[in-house]
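Here is a short report for a reader new to this structure. Please look over the sequence and the fold before reading on.

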Amino acid sequence: MRRIGLFGGTFDPPHAGHLAIAEWAREQLRLDRVLFVPAGTPPHKRGRRMSSAAARVAMTRLAVRGNPAFSTSTIEARRPGPSFTVDTLRSLRRSFPDARFFLIMGEDSLDDFGTWHEPGAIAALATLAVARRPGPRRSRRRAARGVVWLGNPGLDLSSSALRARTRAGRSLRYLVPAAVAAYIARRRLYRGRA
């Protein structure tokens, strides 16, 4: 049985923390593949400015290049309307009926999981693989059924902080892959955005 990790997010931009969590999950869970899935229209971020889905997909492809176990899926970026994880999992289940899926997320996402579209169906389709986040915030759902905790080190990186660094003219070196930094610079992403 193939073991597939699904790592969704806006990836605006994808950074070293995303890659480290995905690699940690790949090793710990013995995943055959980790699919990075940039959201087309994230339902929890309605009304927020973000880069186009095409730009986020391009950056994610650049970020995962070089790791044969990582790939980027455009399943959500191509879908009209909100990007619901349950729809993605149902579609992937049809494509890979014999695979076991692991949904990779941060513990902050686990805290909000009950507000997601059809959380029970998601939990039935995939094992939740939860990465620890640095700082005092700790999930109230630590003993939740169907949850595997990744023993990852806490990396205090966020896409919002990296966008702020770019706006301030500061370097992204070592925080995002070099190809992603070059793409951001070429496209002048995050300049002048609040």
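Which residue forms a salt bridge with Asp-108? That residue is Arg-133, and the closest N and O atoms are 3.6 Å apart. Arg-133 lies in the loop between strand 5 and strand 6 (147-150) and Asp-108 in helix 4 (residues 107-112), so the pair ties together parts that are 25 residues apart in sequence.

## Basis

This is a predicted model, in which local features need pLDDT of at least 70 and side-chain atom pairs count only at pLDDT 80 or more, while totals for chains, interfaces and linings use all residues. Residues are numbered from 1 along each chain as its sequence is written, and side-chain values use heavy atoms, with hydrogens and water left out.

## Overall form

The protein has seven helices and six strands. Both are DSSP runs, numbered from the N terminus: helices are H or I with at least four residues, strands are E with at least two. From the N terminus on, the order is β-α-β-α-β-α-β-α-α-β-β-α-α.

With 194 residues, a compact globule would have a radius of gyration near 16 Å; the protein has 16 Å, which agrees. That radius is taken over C-alpha atoms, and the globule rule is 2.2 Å times the number of residues to the power 0.38. Buried residues make up 46% of the 194. Here buried means under 20% relative accessible area, exposed over 50%, and partly exposed in between (1.4 Å probe, protein chains only).

## Nonpolar cores

A nonpolar core is a set of buried Ala, Val, Leu, Ile, Met, Phe, Trp, Tyr and Cys residues joined through side-chain atoms within 4.5 Å. The largest has 31 residues. Phe-7, Val-34, Phe-36, Phe-70 and Ile-104 have the most contacts inside it. Elements that give two or more residues to this core include helix 1 (16-28), strand 2 (33-38) and strand 4 (100-106). Helix 2 gives the most, with five residues.

Take Val-34. Leaving aside neighbours within four places in sequence, its contacts (heavy atoms within 4.5 Å) include Phe-7, Ala-22, Phe-70 and Ile-104.

At 1.5 Å a residue, the 13 residues of helix 1 should span 18 Å; its end C-alpha atoms are 18 Å apart, which agrees. The expected span is 1.5 Å times one less than the number of residues. Buried residues of helix 1 include Leu-19, Ile-21 and Ala-22. Just after the helix, Arg-30 takes a positive phi of about 55°.

The model has four salt bridges, each a side-chain nitrogen of Lys or Arg within 4 Å of a carboxyl oxygen of Asp or Glu. Glu-23 and Arg-26 form one of them, at 2.7 Å, N to O. Both lie in helix 1, three residues apart, about one turn of the helix. Arg-26 also forms a salt bridge with Glu-27, at 3.9 Å. Glu-27 is exposed, with a relative accessible area of 54%, while Arg-26 counts as partly exposed at 22%. Shared partners join Glu-23, Arg-26 and Glu-27 into one network.

## A buried proline

Pro-42 is found in the loop between strand 2 and helix 2. At 9% relative accessibility, Pro-42 counts as buried. Pro-42 and Pro-82 are 40 residues apart in sequence and 5.9 Å apart in space, C-alpha to C-alpha. Leaving aside neighbours within four places in sequence, Pro-42 is in contact with Thr-10 and Met-50.
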